[in-house]
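This briefing concerns the structure shown below.

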Amino acid sequence: MDISTMVFLAVVVALAFYVIGIFNRLVALKNRFQNAFAQIEVQLKRRHDLIPNLVETAKGYLKHERETLESVIAARNAAASSLAAAAADPGNAAAMQSLGGAEGALSGALGRLNVVMEAYPDLKANQNMMQVSEELISTENKVGFARQSFNDQVMAYNTYKQSFPQNMLAGAFGHGPDASLLEFEDSAQIQAVPKVSF
Amino acid sequence: MDFFQAQDSARRNTRSLVFFFAMAVLSLIVITNVLVMVLFGFLRTGEQGLTLGVIAAQFDWEVFFLIGAAVSFVILAGSVYKTIALSAGGPAVAESLGGRLISQSTTDLHERKALNVVEEMAIASGTPVPPVYLLDNEPGINAFAAGFTPGDAVVGLTRGTIAYLSRDELQGVVAHEFSHILHGDMRLNMRLIGVLHGILLIGLIGYFILRSVRGGSNRNAGPILGLGMGLLVIGYAGTFFGNLIKASVSRQREFLADASAVQFTRNNEGIAGALKKIGGYAAGSVLETAEAPTMSHAYFSTGVSSFLQSVFATHPPLDKRIRRIDPRWDGFYVPVTQEVDDSAQAETSGADEPAARAMHTASGVIIASEILDRIGKTGPAQLDYAARLVKEISPLVREAVHDPYGARAVIYCLIIDGQHREVRDAQLQRLQSLGDSGIRELVDKMQAAVKSLDVSYRLPLIDMAMPAMRQLSRPQYQLFRKNLLFLMQADKRIDLFEWSLQKILFHHLDAHFGRPGKRVAKYSSIERLRMHVAALLSVLVHACVKDGTEVQSALESAEQDLGLSGLTLLPREEISLQTLDAAVDHLALLKPLLKPRVLKACLTVITRDREYSPNEMELMRAIGNVLDCPVPPYAG
C-alpha cells in the first residue's frame with residue numbers, strides 16, 4: 001500500500017463519515033419537527049375538548065339556534081379527525097392542508113356562534129361560559145405559538161434538505177417531498193387577536 | 001465518596017478506559033495480521049500446502065505496520081465520529097433508541113406520573129429538570145440516563161416501566177438514574193459508547209463486504225469472502241473486549257446507584273419492588289431495539305440477554321442486587337400481570353398540607369461545611385420538600401411553566417420589577433411591542449401569582465421551566481433571549497439574583513440551541529483563573545458583606561479556602577455583566593476536585609456576617625447550578 005492508496009482510502013473514509021453525518025442530521029431535524037407537532041396536537045386536542053363544554057352551556061340559552069350549534073359540533077368533529085390523521089404523519093402536505101382547512105372551518109363556525117351569542121347577554125354573563133371562553137383564548141394563543149415553533153422547525157428541515165449536497169442524498173435516505181408548513185385558513189386572524197371573545 | 005470525588009473518579013475511570021482500549025486495539029491488530037497471513041498463505045499455496053510454517057513465513061514487519069495503521073485508523077475514526085455525534089448530548093442518544101419526548105402537557109396518567117416523579121427528584125437534588133423520553137415500543141421494564149452534565153441530561157423510561165411500576169417503585173428507578181447523573185456516570189457512559197463504536201466498526205465493515213460479495217458473482221470472490229468473514233469474526237472479538245471493558249466499569253457503578261437510590265428516597269421497598277417486578281415479569285428488562293447493545297451499560301437493569309452472563313453482564317445479577325437492598329427478601333419475584341392504576345393517585349391534586357417552610361436564617365459557620373457535603377446528594381427530606389413545593393405553586397403558574405408558551409411568561413414575571421413603576425412600564429412596553437402575541441396579557445395575568453411566591457420558589461421554577469424552554473424553536477429562543485436581557489437591564493443595574501437566574505437559563509439553553517459550550521474540564525489549577533475568581537468574589541463581597549471593615553478579613557479567609565494569595569477585589573463599577581459571565585463560564589471548567597474550594601470560598605464570603613439568609617441560600621444554589629455542582633434545597 002503506497003501513499004496514494006492511503007490518501008485515497010482516507011478520502012473515502014472521510015467522505016463516508018460526511019455522508020453518515022448528513023443522514024443523522026436529516027433524522028435529527030425530522031425528529032425535531034415531529035416533536036414540535038406534538039405540542040400543537042396537545043393544544044388542539046385541548047381546544048376540541050373545550051368545545052363540547054361550550055356548546056353544552058350555550059344549548060340552554062340558544063334554543064332556536066340549533067343549526068349554528070350543530071355546525072360547530074360538526075366542524076369540531078371534522079377537525080378532530082383531521083388532527084388524528086395529521087398526527088400520524090406530521091409534515092405531510094395533504095394532511096397539513098386538511099388540518100389547516102378543518103381548523104379554519106372550526107374557527108369560522110365559532111365566529112358565527114359568537115355573532116349569534118351577541119344577542120344573549122345572559123349567556124355572555126354565565127360564569128361557566130366566561131371560563132370556557134377564557135380557556136379557549138389562551139389555548140388559541142398556545143396553538144399559535146406552537147404552530148410558529150413547528151413551522152420554524154419544518155423550515156430548518158426543508159432548508160437543510162434542499163441545500164447542496166444534501167439534495168442529492170435526501171431522496172435515497174428516505175426523505176421524500178418537503179415537509180409542509182401548517183397554515184390556518186384564517187391564520188392572519190388568529191395571529192392578530194384571538195376572535196373567540198364573548 | 002462525595003460528589004466531587006465521584007465526579008473525579010468517573011474521569012479517572014475514563015483514563016483506565018483508554019488503557020483497556022489500547023489493549024483491545026493491539027489485540028485486534030495482531031488478530032488481523034494473523035488473518036492476513038492465513039489468507040496470503042492460502043493464495044500462495046492453495047488449500048493443501050497450508051501449514052503453520054507457511055503461514056508464519058508470510059510475516060512481514062512492513063505489512064504488520066501497514067495493517068496496524070489501517071486498523072488503528074478505522075477504530076480511531078469510528079470512535080471519533082461517534083464521539084462527535086454523541087456531543088449532541090442526551091437527546092440524540094434517547095432518540096437513537098427510539099425514544100419519544102413526553103410532552104410536558106400530557107394527559108396520559110402514566111406519563112404524568114413519570115414527569116412528576118422526575119421533576120420532584122430534580123428539584124430535590126437542585127438540578128434542572130431533565131426532559132423525559134419514553135420508549136413506546138419497549139414492553140420491558142428498564143430505564144437509562146444520558147448526557148454529559150446534569151444540565152443536558154435526559155432520562156429515558158420504557159413503556160413497561162411507567163405502566164407496571166407503582167409510583168414508589170418508579171421513584172426508586174428514577175433515583176437510581178439520578179445517581180448516575182450526579183455521579184458523573186453518564187459522561188463515562190457516553191465516552192464508552194464512542195470508544196466501543198470504533199471497535200464495532202471493524203465487524204461492520206466485514207459484514208458489508210460479505211453482503212456486497214454475496215450480491216455479485218465474482219469468480220475471485222473466495223479471498224474477499226474470507227476477508228469479510230475474518231473481519232466479521234474480528235469484529236466479534238472486538239465486541240468481546242468491548243463487553244469486558246463495559247462490564248468491568250459498569251457493575252460497581254450499579255451497586256453504587258442502587259445504594260444511592262435508597263439513600264435518596266430512604267425507602268428500600270421502592271427500588272427493591274421494581275427489581276422484583278423485573279424478575280417476575282415475562283418481558284423482564286430486555287430492550288428490543290437493534291441499538292440496545294450500544295447502551296447496555298447505561299440501563300437500569302440488564303437490557304441485553306447474553307450467554308456468558310457472569311463475565312459480560314453489565315449489571316450484577318438481580319437477586320444479588322435485591323438482597324443488598326432488602327436482606328430479608330424471601331426469594332420470590334413479583335409477577336406482573338396488569339398495569340398499575342394511576343388514576344387513584346390523583347397526580348395533579350392540590351396541596352394537602354402547607355409546607356412548613358424551614359427557611360429560617362441559619363448560622364453560617366456551622367452550615368458551610370454541611371452544605372459542601374450535601375452537594376450532589378439528596379434525601380427524603382428534600383424529596384418531600386420538593387413534592388410539597390410543587391403542589392404549593394398556584395395551578396395557574398404550575399401549568400404555565402410546563403408548556404413552552406407559558407414558561408417564558410413565568411420567567412419574564414420573575415425578572416419584571418415589582419417596585420419601580422417606570423421600570424416596569426418600560427419592561428411591559430417591550431413585551432407588548434416585541435414579545436410574541438398574547439404574552440403581555442399572560443404576564444399581566446400571572447404577575448401577581450409569581451411575585452407572591454417566596455424567594456425559595458424561584459430557582460425551582462427555573463428548573464421546572466427547563467424542559468418546556470427546550471421546546472422553543474431557535475428564532476423563538478433568540479427572541480426570548482433578547483427580551484430577557486432587555487428586561488434585566490431596564491433598571492440599569494445588575495441584581496445578583498436576576499443575574500444568576502439568567503445565567504442558569506443561558507448556561508443550559510445556549511448549549512441546547514446550538515452554541516455548544518465546552519464540556520471538558522480543562523483547568524487543573526485555580527491560579528490560572530485568579531482574575532475570574534476575583535471577579536466572582538468581588539460581586540459576592542459587595543452584595544453580602546455589609547460591614548465595610550469586614551471586607552478585608554472576608555477576602556483573606558476566602559483566599560485561604562482557595563489556596564491563593566494577593567487577590568484584589570474589583571470595585572463595584574468595574575464589574576460588568578460580561579466579566580461576571582466570563583468568570584463563571586471559566587470556573588465551570590475547573591477540574592471537579594478544585595470546585596469545592598471555589599464553592600467554599602463563595603460560602604465563606606456569603607456567610608461572613610454569621611448568617612445565611614434564604615436569599616443567600618438561593619444565590620449559593622444558583623452558583624452551584626451554573627458550576628454543575630447541584631446544591632439541594634435546604635429542607636430543615
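**Interface, cysteines and selected local features**

B:Glu399 forms a salt bridge with A:Lys142, with 4.0 Å between the closest N and O atoms; a salt bridge is a side-chain nitrogen of Lys or Arg within 4 Å of a carboxyl oxygen of Asp or Glu. The model is predicted: local features need pLDDT of at least 70 and side-chain atom pairs count only at pLDDT 80 or more, whereas totals for chains, interfaces and linings use all residues. Residues are numbered from 1 along each chain as its sequence is written, chains are lettered from A and ligands numbered from 1 in the order in which they are written, and side-chain values use heavy atoms, with hydrogens and water left out.

**Interface of chain A and chain B**

- The rule finds three salt bridges across this interface.
- Seven residue pairs, both at pLDDT 80 or more, are in polar contact between the two chains; such a contact is a pair of N or O atoms within 3.5 Å, where within protein one must be able to donate a hydrogen and the other to accept it, and residues adjacent in sequence count only if both atoms are side-chain atoms.
- On the side of chain A that touches chain B, the elements giving two or more residues are α1 (3–59) and α5 (127–162) of chain A; helices are DSSP runs (H or I, at least four residues), numbered from the N terminus.
- The most is given by α1(A), with 13 residues.
- That side of chain A divides into eight nonpolar, eleven polar and four charged residues, where Ala, Val, Leu, Ile, Met, Phe, Trp, Tyr, Cys and Pro count as nonpolar, Asp, Glu, Lys and Arg as charged, and the others, Gly among them, as polar.
- In total, 23 residues of chain A are in contact (heavy atoms within 4.5 Å) with 24 residues of chain B.

**Cysteines**

- A search over all chains finds zero disulfides, a disulfide being a pair of cysteine sulfur atoms within 2.5 Å.
- The sulfur of B:Cys629 is too far for a bond, because the closest cysteine sulfur, in B:Cys602, is 10 Å away.
- B:Cys629 is buried, with a relative accessible area of 1%; buried means under 20%, with a 1.4 Å probe and protein chains only.
- B:Cys413 also counts as buried, at 0% relative accessibility.

**Local features**

- B:Asp561 lies in helix α23 (residues 551–562) of chain B and is buried at 18% relative accessibility.
- The side chains of B:Asp561 and B:Thr604 are joined by a polar contact of 2.4 Å.
- A cis peptide bond, with omega about 0°, joins A:Phe164 and A:Pro165.
- A:Pro165 is found in the loop between α5 and α6 (166–169) of chain A.

Conventions:
Buried < 20%, exposed > 50% of the residue type's maximum accessible area, 1.4 Å probe, protein only.
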